[in-house]
Amino acid sequence: MKKKWLLLFMVTVFTVWMTGCGNGGNAGGEKTVIDGGAGESAISLEYWTFVELHGQHFETMLKKWNEANPERQIKLNVTVMPYDDMHNKLLIAVQTGEGAPDIADVELGKFPNFLAGTPQLEPLNDAVDPFRDTIVQSRLDLYSKDGTNYGLPTHVGATVAFYNTEILEEAGVNYKDIVTWEDYKKAGIQVYEKTGKYMGTADTSATWQSAMMLAQQDSDFTNDEIKPQVNSEQMIKGLTILKDLQASNVLATIAGGQPDTEEAYGEFNSGNYASAMMPLWHMSRYTNYMPDLEGKIAIAPLPVIKEGMPRSLGGGGTGTVVTKTAKDIQLAKDFLAFAKLSLDANIEIWNTLGFDPVNTDVWEMKDVTHNPDNKFVKYFANNPFDVLNEMKDEIQLIKSTSASPTINNILCTITLNEIFEDGRDIAEALNAAQEQIEQELK
Amino acid sequence: MIKNFLYSQKVAPYIFVLPFIAVFAIFWAYPLASSVGMSFQHTMLGQPSEWIGSDNYSKLMSDGVFLKAVSNSVVYMVLTLVILIPFPMLFAVLINNKFMWGREFFKSTFFFPALTSIVVAGTVFRLMFGEMEGSLINSFLGLFGVEPIKFLKGQVTGFVALLALASWRWIGVNMLYFLSGLKSIPEEYYEAASIDGASSFQKFTRITMPLLKPTTIYVITISIYAGLAMFIESMMLWNGNNSPKNIGLTIVGYLYRQGIEKNDLGYAAAVGIVLLLIAMAINITQLILTGMFKKED
C-alpha cells in the first residue's frame, strides 16, 4: 500500500515537472495566414512581428501586391509574439542561421543588437533606391550601418502632446496657451487644484521624456564619438524640470511606468491623467484601448524649455528586415519596399495604423489626411497633420547607437525609478547610471 | 560470441548504466565543460569567438548589477528555506494526525497550486499585487484604511509578492515529501512514548524530527538549488526580465539578460559558472554539517 502511494506521488511530481518545463520553454505566439487573394502558385513568406496592428497593414498591401504582380504572388504567415520574446528569438535565429522568418519587425531600441559585428540581415539598398528621394532620410539611417540599409522604417514618430480637453475645460485651462514648461506647470497646478487629477505622467520605464528634453536642448544620450553621456548638463536640466513638475503635483508616476502600457491605458481611459507626451503612433493606442476618450483628445506641439526651441522629435520606430535565410530574398525585398515605402503604402500606413508616414508628401494630401471617414480623424478633437505640418522642420532626432540598448536598460530599470519613485538626487543617480553603462559597455 | 558477451556478468552492468552515462555526458558534462571554456572567451552567436583569459570574471566582480542579482538570489533562497521547511513540516504532521478531519481534502488543496502553470500563476499574482487601488491586495488593505502600496516597485514589498507566490506554489509539494517521510515512522515508537508519559510536543521533537532528518536534508538540498536558480517566477511577476531597480533580478535572470538579450554568451557563461560554484559551496557545506557524508554508525 505504501509503495503504491509513493509510486503515485512520484508519477505526479514527474508530470508536474514535465508540464512545468513545457510551459516555460514554449511561447509560440499567435499565427495567422494572410493570403491576400493569392493563387495556388503563391510563395509563402514567414513574417514575425510584436505589434498585431502591423499585420493588418500588410494584409491591405498584400492584396494590392498580388493584384499587381500575378506572376509573383505571396502568402504571408504572420506570427505575433510579445516584444521581448520576439526579439530574443529572432536574434538567436538570425545569428545561428536556423529557424528565422523571411521578414520581421525589429524595434528601434533592439535594432543595434542586430547590427553588431557582421549583420546577418540582407542589405536593402537596391530596394530602397527607387523611393529614396521621397522619404525622410534620417528615419532610414536609424536602421543602417556604414551606408547599408538593413531595415525599412514605418513612420516618423513625431512626438506630440495629447491633451484630455474635458479635464482641462473643467479646470479652466486652454491647452493652446501652453508653450513652455513654465506654462505647463501653471496649467497643471490649476488642474490639480480644481479637479484633483494629475496633468501628466513622470515616466519611469521609458525614455520618451528624457529624449524629449535632450532634443529640445540639441543634445543626445551619446556624444559625437558615440560615447554615452547620460550625466550631461542637459540631461540633468531636463530631469530637474520634470522632477520639479512632479513635486508640484503636476506630474505623477503611473502604473506600468509610462503611457504605453496596459495598466496606463486603463488609468488614462478613466481620466486620471490629463496629458501624455508621446510619439504620434500613440494615436492608435487611444483608438484601440481608450474608447471612453473619443472626441476628448486634442493634439498639440510639446511644451519647450524656452520659446523657439524645437517642439518635437522622432520617437520609437520599427525597422522591417529581410533575413539572410529568407526563401526568396529578392521577392521579400521587393514586397517590403512596395508595402512600406511606396506612396500607396505610406497612405495606407496612415489609414490603417494612424502613423505619420515617412513620405512627407502624404502629410500635405488633404483628401487623405482629413478624410472624414478615417477612424483617427473621427476620434481626435483636432487633425494631427495640422500640428505636424506646423512643426515639420522642428522634428529632432535622437541617435540610435550600439550603446543605446544598454543606456535604455539602465535608465528604464534603475535610474528613472530612483529619481521619480525614491526621490534620489538627480545628478547622483545619473552619475551612477553613467558609471554602470560604461562598465557594461567595456 | 554475442550471446557470451550479453550474458557476461562483467559487461552487463555497464550496458545497464550506459543510458544514464550517455545522458549525463551529453546533457550535463559536455555543456558544463563547454560553458567553462566559453566563460574565458568573448562569444557572440554567429560571430567568431576569441580567448580573453579571465576578463569576464574580473568584469563580473566589479559589476554592480551582478552583485545585486547574487544578493537577491541568496536572500530569496534563505527566505524560502525559512518558510518552506518549517511550515510544510508542521502541516504534514497535522494532516498525518489521526484526529484531523478532511485529511484528503487538505492534502489535495495544498498540492493543487503545484499543478498550475507558473506562467499563469505569475500573471495572476502580478495583477493581485498591482499598484492600483482596485487590485486585489490593495483593495483588501483599503478596507483597513491603508493607502495603496506599489508592491512591485519596492524591494521589500516586491519580495513579499515573490515569496507569497513561492509559498503558495511549493508548500504543498514540500508537505508531500514530509508526509511520505512520516509514513515510514513506525507507530510503535509513539505508543511506547505515550506509555512513558511523553507529551505531544516531546513526541514531535524527540521522535518525529530526528526520524524525519533524511527527508529534511533532501528538501533543504533541493530548496537551496531551487532558490538560487529561480527565474521564471520573477520574470512572470514583473512581466519581463527588467524589474524596477532590478529588485527582482536573479542570477539566472542576469545570465539570461547577458546571454540571450545582449548576445554576450561568454559573459553569461561566467555568470553560470559562478552560480554553480555558489550552489555547490552552500550545498556541500550544508551536507557536511548535517552529517550526510559521515559513515553510518
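Mentor: Let us start with domains, whose bounds come from an automatic or database domain assignment. Chain A is divided into domain 1 (30-156 + 316-364) and domain 2 (164-313 + 390-441). The C-alpha centres of domain 1 of chain A and domain 2 of chain A lie 29 Å apart. As to conventions, this is a predicted model, in which local features need pLDDT of at least 70 and side-chain atom pairs count only at pLDDT 80 or more, while totals for chains, interfaces and linings use all residues. Residues are numbered from 1 along each chain as its sequence is written, and chains are lettered from A and ligands numbered from 1 in the order in which they are written.

Trainee: How many residues does the contact take from domain 1 of chain A and from domain 2 of chain A?

Mentor: Two residues are in contact if their C-beta atoms, placed from the backbone, lie within 7 Å. The contact takes 18 residues from domain 1 of chain A and 15 residues from domain 2 of chain A. Helices (H or I, at least four residues) and strands (E, at least two) are DSSP runs, numbered from the N terminus. On the side of domain 1 of chain A that touches domain 2 of chain A, helix α4 (residues 111-115) of chain A gives the most, with three residues.

Trainee: Why is chain A described as being as compact as a globular protein of its length?

Mentor: The radius of gyration is taken over C-alpha atoms, and the globule rule is 2.2 Å times the number of residues to the power 0.38. Chain A has 20 helices and 14 strands. Its radius of gyration is 23 Å, close to the 22 Å that the globule rule gives for 442 residues, so chain A is as compact as a globular protein of that length. Along the principal axes, the C-alpha atoms of chain A fill a box of roughly 75 × 60 × 45 Å.

Trainee: Which residues of helix α12 of chain B are buried?

Mentor: A residue is buried if 20 or more other C-beta atoms lie within 10 Å of its own, exposed if 12 or fewer, and partly exposed in between; C-beta atoms are placed from the backbone. In α12(B), Val219(B), Gly227(B) and Leu228(B) are buried. Seen down the axis of α12(B), these buried residues fall within an arc of 145°, so they line one face of the helix. The arc is that of the directions from the helix axis to the C-beta atoms. Among the elements covering the buried residues of α12(B) are α4 (64-84) and α9 (155-183) of chain B.

Trainee: Which buried residues does helix α11 of chain A have?

Mentor: In α11(A) (residues 262-269), Ala264(A), Glu267(A) and Phe268(A) are buried. Viewed down the axis of α11(A), they fall within an arc of 95°, so they line one face of the helix. Their cover includes β10 (275-279) of chain A. Gly271(A), which follows α11(A), has a positive phi, near 75°.

Trainee: Is Glu131(B) buried or exposed?

Mentor: Glu131(B) is buried, with 21 other C-beta atoms within 10 Å. Its place is in the loop between α7 and α8 (136-142) of chain B. Not counting residues up to four places away in sequence, Glu131(B) touches residues including Ala255(A), Pro148(B) and Phe151(B).

Trainee: How many residues of each chain are in contact with the other?

Mentor: In this model, 31 residues of chain B are in contact with 31 residues of chain A. On the side of chain B that touches chain A, α9(B) gives the most, with three residues.
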